Amino acid sequence: MIDTGVYGVVRHPMYAGAILVMVGMSLWLESVAASLLTIVPMTILVVRIQFEEQFLRQELKGYDSYTEKVRYKLLPYFW
């Protein structure tokens, strides 16, 4: 498991980047509807992260120690 670079800060940096892109696009479009609809894929990603974490804990040796070292899933100092 990689625990350097961005993976040393959050466990799912790709998902964090995807959320930033979704929010950024809706703000760039200046669309209230797009901003509100961004909640749907963000919620799906959060649920996916929960399932992925559960799977990795069961199937990947050492993942528990990795989660202790890298505490945050998506947002540093928050979650």
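Trp28 is found in helix 1. The structure described here is a predicted model.

**Surface around Trp28**

- Trp28 has a relative accessible area of 64%, and because this is over 50%, the residue counts as exposed.
- Together with Val21, Met25 and Leu29, Trp28 makes a nonpolar surface patch.
- The area of this patch is about 480 Å².

**Nonpolar core**

- The largest nonpolar core has 6 residues in all: Tyr15, Ala16, Ile19, Leu45, Ile49 and Leu74.
- Two or more residues of this core come from each of helix 1 and helix 3.
- The most is given by helix 1, with 3 residues.
- Leu74, a member of this core, is in contact with Val10, His12, Tyr15, Ala16, Ile19, Ile49 and Trp79, when its neighbours within four places in sequence are left aside.

- Glu53 has its place in helix 3, which covers residues 39-59.
- The relative accessibility of Glu53 is 3%; because this is under 20%, the residue counts as buried.
- With neighbours within four places in sequence left aside, the contacts of Glu53 are Arg11, His12, Tyr63, Thr67 and Lys73.

- The model has 1 aromatic pair by the rule applied here.
- In this pair, the ring centres of Tyr63 and Tyr66 are 5.6 Å apart and the ring planes stand at 45°, so the pair is classed as tilted.
- An angle under 30 degrees would have counted as stacked, and one over 60 as edge-to-face.
- Both tyrosines belong to helix 4 (residues 63-69), where Tyr63 and Tyr66 are 3 residues apart, about one turn of the helix.
- Tyr63 and Tyr66 are both buried.
- Tyr63 is also one of the residues in contact with Glu53.

**Loop between helix 1 and helix 2**

- Glu30 lies in the loop that runs between helix 1 (13-28) and helix 2 (32-37).
- The phi angle of Glu30 is near 55°, a positive value in a residue other than glycine.
- Most residues other than glycine have a negative phi.
- Glu30 counts as exposed, because its relative accessibility of 73% is over 50%.

Conventions. Residues numbered from 1 in each chain as written. Predicted model: local features only at pLDDT ≥ 70, side-chain atom pairs only at ≥ 80, totals over all residues. Heavy atoms only, no water. Helix = DSSP H or I, 4+ residues; strand = E, 2+ residues; numbered from the N terminus. Buried < 20%, exposed > 50% of the residue type's maximum accessible area, 1.4 Å probe, protein only. Phe/Tyr/Trp six-rings, centres within 6.5 Å; stacked < 30°, edge-to-face > 60°. Contact = heavy atoms within 4.5 Å. Patch = residues over 30% accessible without salt bridge, like charges linked within 9 Å, V, L, I, M, F, W, Y side chains within 5 Å. Areas by Shrake-Rupley, 256 points an atom, 1.4 Å probe, with all protein chains shown as cover. Salt bridge = Lys/Arg side-chain N within 4 Å of Asp/Glu carboxyl O. Core = buried A, V, L, I, M, F, W, Y, C linked by side-chain atoms within 4.5 Å.
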